[in-house]
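Have it open next to you while you go through the points.

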Amino acid sequence: MSPATEKLTRLVAADDRFDYSHDELRETQLEALNERFQERKDRIRLLGHRAREAGITEVRGREDMVPLLFPHSVYKSYPESFLIEEKWDLLGKWLGAVSPYPIGPVETSDVTGIDDWIERLAAKGHYVSCSSGTTGKSAMLLASDKDMDWSRKDTVNVFAWGSGVEPARDRRMMGLAPTAAVPKNLVIGQAQQEAFGDPAKERFRLPVPPITVGSLTRMVVLRKKIADGTARPEELADFEQTSRERQETLDKAMTAGAEALIRYRDEKLYISGLWNALYQVAKTVREMGYAAKDFHPDNCIYIGGGLKRAQLPPDYQEFVHQTFNIPPNRNFQNYSMQELNSGMPKCQRGDRYHVPPWLVPFILDEEGGTLLRPEAGEIEGRAAFYDLSLDGRWGGITTGDKISLDFGPCACGRTGPSVRNNIVRYADIEGDDKIGCAGTVDAYVRGLS
């Protein structure tokens, strides 16, 4: 790792990591961005292509990074025919266009499905995770062994900072949402268990089958077939039956989750999940006659992800907290995404998400092509980041989020940059998300496969 990059990333466990102002970080971050660019421009084909198009040979200022930030759609740019027709070799070639490490030959003649193919890649040090595909096609994201190690450290550090919970291994872990069984999620879950979970108490998981990459992509493929009218009648019938069975299983699991919470209500609990599942379980707990007064006074909660377009009442957060007796200082929320490898924990007093020194933020115009220049006070626009901790892929990403970034001190006393708790997706505002460069970038990556 290069000197400037190492100087920033080694702050991962520092108590004062959010106390470095933008002015203090600016020059070191710029040096680190150029280090990363010089290291990767000849190793990641898409990055080299973007640099040549923009005539960039060196990162001298933040504006030089804008054309080098990949649109979030780039990790969804694989041709769907590769999934539908199970062309694993071609899908591997597509991944190679966004990877800094050569993806060597993988035996695919006897691959039984995408989960099998992903296991074979993992055996060679290439970990593929998929996003949830909330807005359609799932993103496929490569990570390395170094990225897995980073996630283990970062997830524990951000939770401890944001919740005030020490990693004392004294809580019963209560997982109350089905999550995607992708490498990053599995690593994070294991690290949280080892840091905060009481080893004498079994971790509770909702009794539902794991959501694998294969199950996610099968849904993508079927949605595509339904949309273009090629889905066979037996596929539609199987889909409808599977959907009914999954909903029945999920309904039973929510009841089981509520019963487990009631059973362990006297214990110190670490509750995790998505808002929708947590709200449904909380409703069931209330219907069974239990509420905050029945639960341990030092419970904590880890919220992963946003609403995922679930329709909940305006007071859903308060309802969940009050049901499970979550103290205000034990409510952990984190702003991140699968495309990043690092989290931005929310402070209690300022209600803002804090950006760590190794995560370089950019605010762009709505089209994602122009850097909005103010670097003092608060500025609103399209969020983009460069994650200096990322090793298995390029760390620069232009997101689909509209955020307000403040370069000044937070009410909590931290002096580093922070994000206001009013994040929205452009797709939710306008019904679509059009990043100016996305089409040409996606077409280039598809052309390499």
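1. Met174 has Ile271 of E6 as its bridge partner. This sits in the pairing of strand E4 (residues 172-175) with E6, parallel and over four bridges. Helices and strands here are DSSP runs (H or I, at least four residues, for helices; E, at least two, for strands), numbered from the N terminus. Strands count as paired if DSSP finds at least two bridges between them.

2. Before going on, some ground rules. This is a predicted model, with local features needing pLDDT of at least 70 and side-chain atom pairs counting only at pLDDT 80 or more, while totals for chains, interfaces and linings use all residues. Residues are numbered from 1 along each chain as its sequence is written, and side-chain values use heavy atoms, with hydrogens and water left out.

3. How well is E6 covered? Strand E6 (residues 269-273) has five of its five residues buried, where buried means under 20% relative accessible area (1.4 Å probe, protein chains only). Leu269, Ile271 and Gly273 lie on one side, Tyr270 and Ser272 on the other, and both faces are covered. As a reminder, side chains in a regular strand alternate between the two faces of the sheet.

4. E6 is also joined to strand E7 (residues 300-303), running parallel, by four bridges. Here Ser272 stands opposite Tyr302 of E7.

5. Next comes strand E8 (residues 331-335), parallel to E7 and joined to it by three bridges. Ile301 is partnered with Asn331 of E8, and Ile303 with Gln333. Five of the five residues of E8 are buried, so the strand is largely enclosed by the rest of the structure. Asn331, Gln333 and Tyr335 point one way, Phe332 and Asn334 the other, and all are buried.

6. Asn334 has Pro345 in E9 as its bridge partner.

7. Put together, this is an open sheet of six strands in the order E5-E4-E6-E7-E8-E9, with mixed pairing. Strand E5 (204-205) and strand E9 (344-345) are at the edges with a single partner strand each, so one side of each has no neighbour in the sheet.

8. Please look at Asp406 too, which lies in strand E13 (residues 396-406). Is Asp406 buried or exposed? Asp406 counts as buried because its relative accessibility is 16%. Leaving aside neighbours within four places in sequence, Asp406 has contacts (heavy atoms within 4.5 Å) with Arg352, Gly377, Glu378, Gly416, Pro417 and Ser418.

9. As for the whole protein chain, it has 14 helices and 15 strands. The C-alpha trace spans about 65 × 60 × 40 Å along its principal axes. Of the 449 residues, 56% count as buried. Among contacts with a separation of 6 or more, 74% are between residues 24 or more positions apart.

10. What is the radius of gyration of the protein chain? The value is 22 Å, which agrees with a compact globule of 449 residues because that would come out near 22 Å. The radius is taken over C-alpha atoms, and the globule rule is 2.2 Å times the number of residues to the power 0.38.

How values were computed. Buried < 20%, exposed > 50% of the residue type's maximum accessible area, 1.4 Å probe, protein only.
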